[in-house]
Amino acid sequence: MSKVSTHQAFLPVILLLLASFSIPCHTQNAFLEILHPSEGSLTSAEQSKLATISQSPRVLDYWHISIDNFESALNGRLLEVSLPNETSTTFEADFPYSEQPGTYNWVGYNLNGSYFRIVKWQDGVSGSAYIATSENYYGIISLSPTRTVLVRYDEEIIESQNSCGTEVIEEGEDDDEVEDRFGCESDIIRVLFLFTPAAAATGIDPPATVAQTIIAELNSTANGSGVDAIFVPANVTLLSGFVENTDIHDDLDDVCENSTAQNLRDASYADIVVLLTGPHPGIGAIGTAFLKASNARAYAVAEIDPAGDGTMTATHEVGHILGARHQRCLTCDVSSCDNWSNHHGTLVGNTMKTVMTQLTCQPGRTRIGRWSNPDTPFMGLATGSDENNNAKKVKKRAGKVSCFREDPPWSGDPPGALFLVTISGPEEVCNTQGYYPYQVNIPPAPGIVYPLSYVWEVSETGIYNYTQVSTSSSWILMNPANLPGTWTTLRVTVTDAAGHTSFDFFQIHRIDCFGEGSGGEDRSASVGQSLFVPFNGQVSVTPNPPLNS
């Protein structure tokens, strides 16, 4: 199919809409409007970006769009989306959150394998989608903070991508041995994103946007998988003078030995490094990393376009650094699989697979934001077993990997504070009165100025309509029936006397402990007080060096 813009391929649709609607014409979504071709003009920078997008072999079509009032389109945890020439699709949210008004990370799925992700920050928006009924892949790309396009990708290119070139290794006695800083207590993993000149020149999305997408994917995956790890961007910067090889595996070897990359890692206090590159035609692999990486080898490489198109390529590679393996060869006997351990990716239901399962393993399935874990179901489906448990390995190594580098030096002026906030409490609560305590945990940090103030809030969507429930250092939930939804996002904001602020988010699931939803059994004794976890949320940590692309 030839590549065309809205006014070429969809002129009949536009004319029909204009008969009933004023400009801009729009889809059924309150938040996503398709703009008329004559609406507005592009700056030279926007035109240059659009030229890069339109000339990409990955892109078949594009539409100029406006995204506004996303919150109004949400129906609790559900979002109905209508894309051009597609039937309406409803998605259910998976760990949505918003740190401040106007910013959010929302991803939703449905059981036929479709997904929709949108990440909004102060200076732009990015997103991706797959509609299973039509087998179409989409991307949301910012030309600038005020101009955005929706693109349709070539599904043959997306589905023909080989996901990973990481070499398998046998289990060893030192499998969980990770050298770290003595006495480190951190579980914040700082990620340095480097990009090559080729990535900057050919990437559909700019490196800073791709970095934001990867961080959102990593935190959603950790949250959903029960992994106590928090990923933050250490920096995003050009790796000047780096010449890509024909083979992506050689890029991985070279970046590990590159003195400039090592100096940038040291200067950014980065525990791990992700190098974004241009394409490697004919190689097949679009990403690679060292499995169970040591401090010196905590590097991953991913092509920039697959890293940002929703197929979770870079998130997959970071999983390797943390010790997660591909699916078992018994599941899909493709390259780079093994049967040695019990921490593999796996298939989920009939349409999905966990993030470490290779793209070439049943390619019609959708990757979901889960490291396999028998204890964390997804939409009622098992995401792991005793033989397939990526999360078990990631949990063992994440804390030590977070200590590969020292924490950044303290900056005493707001918003330069660095302190970690996490919520602990029951994930599941009965729908009757009870006693469900939630506490905020703040490890010691050198620059916190006491006293601290606290604001606890709840929201059904996780994105907006937060209602304040407490200003104490803890919150006691006494009547879960008063929660705004069956799934509720709990947010705590902690501010010190100097104005330094940090956040955490926690998902609470209200269940029927006595009725039909419990199979007729009294589940109250196994719910609430016994289900305490140290972390379940997305943490905002400042400062992080600014994203420079």
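Student: What does Gln362 count as by relative accessibility: buried, partly exposed or exposed?

Tutor: Gln362 counts as partly exposed, at 35% relative accessibility (buried is under 20% relative accessible area, exposed is over 50%, and partly exposed is in between, with a 1.4 Å probe and protein chains only). Before we go on, this is a predicted model, so local features need pLDDT of at least 70 and side-chain atom pairs count only at pLDDT 80 or more, while totals for chains, interfaces and linings use all residues. Residues are numbered from 1 along each chain as its sequence is written, and side-chain values use heavy atoms, with hydrogens and water left out.

Back to Gln362: its phi is near 50°, a positive value in a residue other than glycine. You'll find Gln362 in the loop between strand 18 (352-353) and strand 19 (366-367); helices (H or I, at least four residues) and strands (E, at least two) are DSSP runs, numbered from the N terminus. Met379 also has a positive phi, about 50°, and isn't a glycine. Met379 sits in the loop between strand 19 and helix 12 (390-401), and at 30% relative accessibility it counts as partly exposed. Another backbone detail is the cis peptide bond from Tyr450 to Pro451, with omega near 5°. Pro451 belongs to the loop between strand 22 (436-441) and strand 23 (453-459).

Now for some covered parts. Helix 11 (313-321) has nine of its nine residues buried, among them His316, Glu317 and His320. Just after helix 11, Gly323 takes a positive phi of about 105°. Strand 12 (188-195) is largely enclosed by the rest of the structure, because eight of its eight residues are buried. In a regular strand the side chains alternate between the two faces of the sheet. Here both faces are covered, with Ile188, Arg190, Leu192 and Leu194 buried on one side and Ile189, Val191, Phe193 and Phe195 buried on the other.

Over eight bridges it pairs with strand 13 (230-238), where Phe231 stands opposite Ile189. Over five bridges strand 12 pairs with strand 14 (272-277), and there Val274 stands opposite Phe193. (Two strands pair if DSSP finds at least two bridges between them.)

Last, the charges. The structure holds six salt bridges, each being a side-chain nitrogen of Lys or Arg within 4 Å of a carboxyl oxygen of Asp or Glu. One of them joins Asp309 to Arg58, with the closest N and O atoms 2.4 Å apart. Asp309 lies in the loop between helix 10 (304-308) and helix 11, and Arg58 in the loop between helix 3 (44-54) and strand 3 (59-67), so the pair ties together parts that are 251 residues apart in sequence. Asp309 counts as buried at 3% relative accessibility, and so does Arg58 at 9%.

Asp266 and Arg405 also meet in a salt bridge, 3.2 Å from N to O. Asp266 is partly exposed, at 40% relative accessibility.

Arg491 and Glu457 meet in a salt bridge as well, at 3.0 Å. Arg491 is in strand 26 (487-495) and Glu457 in strand 23, 34 residues apart. Arg491 is buried at 10%, and Glu457 is buried at 14%. Finally, salt bridges that share partners join Asp61, Arg152 and Glu155 into one network.
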